[in-house]
Amino acid sequence: MNDELQARAAHSAAIRERAEAEMKAIGIDDAFIGRLVDTFYARVLAHPELGPVFDARLSGRWPEHMEKMKSFWSSVAFRSGAYGGKPVQAHVGIANMKPELFPKWLALFAATLDDIAPNNDAKAWFMTTAERIARSLTLSLFYNPALDDPALKRS
């Protein structure tokens with residue numbers, strides 16, 4: 001059992017080391033992640049559709065949310081395991097959350113990366129990751145497999 005735990009720890013360390021090297025090669029560090037989160041969420045707040053949804057949920061808790069998002073993106077980029085939240089549960093029941101907001105969120109994220117990403121590789125990595133996250137959240141929050149049931153389809 002001890003050998004198995006050591007092997008898992010070594011495997012996790014190797015994953016983190018590869019992720020750190022990959023991020024360093026494309027110019028990503030914690031300072032960039034902090035700037036990305038700060039810039040993006042300032043734009044979210046100013047957005048006419050996204051701002052009210054986010055602010056209604058986070059009013060009075062923005063500093064904590066910003067730190068959580070920095071931890072989240074750092075954990076995703078560097079495979080650090082630093083983020084221990086539950087994104088789907090955090091988004092359940094948010095007033096006025098609609099699937100059509102996710103493309104707007106992604107467009108704003110892309111525009112932020114256009115303005116501050118150190119290069120195209122960094123932008124591509126963050127956009128691919130953000131698209132995957134948005135798709136996962138959209139499916140988790142809004143998809144109803146019963147609607148795909150052929151028995152429920154009417155001509």
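Me: Before we start, what ground rules apply to the model and its numbering?

Reply: Residues are numbered from 1 along each chain as its sequence is written, and side-chain values use heavy atoms, with hydrogens and water left out. The model is predicted, so local features need pLDDT of at least 70 and side-chain atom pairs count only at pLDDT 80 or more, while totals for chains, interfaces and linings use all residues.

Me: How do H2 and H6 pack, and at what angle?

Reply: Two packed helices are described by the angle between their axes and the distance between the axes. Here, helix H2 (residues 30–46) and helix H6 (residues 101–116) pack at about 130°, with axes 10 Å apart. Helices are DSSP runs (H or I, at least four residues), numbered from the N terminus. Axes are lines fitted to C-alpha atoms over the stretch in contact, and angles run from 0 to 180 degrees between N-to-C directions.

Me: What do we call that orientation of H2 and H6?

Reply: H2 and H6 are oblique to each other (under 35 degrees is roughly parallel, over 145 roughly antiparallel, 65 to 115 roughly perpendicular, and the rest oblique). Their crossing is right-handed, meaning the near helix is turned clockwise from the far one by less than a right angle.

Me: Which residues of H2 and H6 meet?

Reply: From H2, they include Phe32, Leu36 and Phe40, and from H6, Trp105, Leu108 and Phe109 are among them; contact means heavy atoms within 4.5 Å. The residues of this contact divide into 10 nonpolar, 2 polar and 3 charged (Ala, Val, Leu, Ile, Met, Phe, Trp, Tyr, Cys and Pro count as nonpolar, Asp, Glu, Lys and Arg as charged, the others, Gly among them, as polar).

Me: How many salt bridges does the structure hold?

Reply: Side chains of opposite charge can pair when their charged atoms come close. The structure holds 5 salt bridges (a side-chain nitrogen of Lys or Arg within 4 Å of a carboxyl oxygen of Asp or Glu). In one of them, lysine 70 meets aspartate 38 at 3.0 Å, N to O. Lysine 70 lies in helix H4 (residues 62–78) and aspartate 38 in H2, so the pair ties together parts 32 residues apart in sequence.

Me: Which residues are linked with lysine 70 in a network?

Reply: Asp38, Glu67 and Lys70 are linked in a network of salt bridges. Lysine 70 and glutamate 67 have their closest N and O atoms 3.8 Å apart, and both lie in H4, 3 residues apart, about one turn of the helix.

Methods
Helices (H or I, at least four residues) and strands (E, at least two) are DSSP runs, numbered from the N terminus.
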